[in-house]
Amino acid sequence: MSKLNDLSPYEQFLRDTFHADDAGLQRLQAEAEQEGLPAISIGPEQGKFLQVLVQLTGARKVLEIGTLGGYSGAWMARALPADGKLISLELEEKHAAFTRRQWAALGLNGKTEVRVGPALDSLPGLADEAPFDLIFIDADKNNYPAYLEWALRYSRSGTIILGDNVSMGGRLADPHQQQNEWIQGMRRFAERMAADERLVSTVVPYADGIAMGVVK
Ligand code: SAH
Ligand code: MG
């Protein structure tokens, strides 16, 4: 669950009305906590936003970098057609095993796959699956600029590329944090998302901020 949980009454209304986790997603999050997975998933507002995007674009092939317990992936996979496919890349075998169990319990086995290892090692092997319709980057922040290059390589006109945690918990533009490798990676990613002539980009300020670009 996102740590950004201090909601105003209006935000609480929106969460309850539009974005609430159903029983399956609640179970996934509860078991992730029990099994000691870090509480760094996106929140339900972002999950629903990703789901709307998958639906809106009629996406059939989605790539995620950074699976954790499968929470964000479950939101996206639910909007895929029966013959759609989510491929999610994850460093930790423990996270991948947890996610496979959860996705099976949610009935998402047929359209999801987790590949284990450093994403930069897994990405070259995805050429045959490309282009993807939507790509969600949410792993180690120092590598975001490299992930963006792979995302652009694996895109077509209309592909949506997203990157979570632009704000870095409020630290992105903090002058005392600029030596931090993850802050530097996120800054370079944000600047490239904004400046790359192949993209039209913005930042959606849900939770920690999601950069979103559409390939021209
Ligand atoms: N998208 C998930 C949260 C991902 S948290 C959600 O919102 O539900 C970030 C994940 O990236 C962690 O599970 C971490 O193990 C993984 N990760 C970190 N470095 C990685 C790397 N080099 N390659 C692939 N995954 C990595
Ligand atoms: Mg994140």
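User: Which helices and strands each supply at least two residues of the lining of the largest pocket?
Analyst: The model is predicted, so local features need pLDDT of at least 70 and side-chain atom pairs pLDDT 80 or more, while totals for chains, interfaces and linings use all residues. Residues are numbered from 1 along each chain, ligands from 1 in the order written, and side-chain values use heavy atoms, without hydrogens and water. Helices (H or I, at least four residues) and strands (E, at least two) are DSSP runs numbered from the N terminus. Those that each supply at least two lining residues are α4 (71-78), β2 (85-90) and α6 (119-122).

User: Which residues coordinate the magnesium ion (ligand 2)?
Analyst: Donors are N, O and S atoms within 2.8 Å of the metal (3.2 Å for Na, K and Ca); water is not among the atoms, so sites may look incomplete. The donor residues are spaced D-x25-D-N in sequence. At 2.0 to 2.1 Å, the coordinating residues are Asp138 (OD), Asp164 (OD) and Asn165 (OD1).

User: Is Asp164 buried or exposed?
Analyst: Buried means under 20% relative accessible area, exposed over 50%, and partly exposed in between (1.4 Å probe, protein chains only). Asp138, at 14%, counts as buried. With a relative accessible area of 2%, Asp164 is buried.

User: Which side chain has an N or O atom 2.9 Å from a nitrogen atom of ligand 1?
Analyst: A polar side-chain atom of His95 lies 2.9 Å from an oxygen atom of ligand 1. For the ligand nitrogen atom, the side chain at 2.9 Å is that of Ser72.

Key: A polar contact is a pair of N or O atoms within 3.5 Å; within protein, one must be able to donate a hydrogen and the other to accept it, and residues adjacent in sequence count only if both atoms are side-chain atoms.
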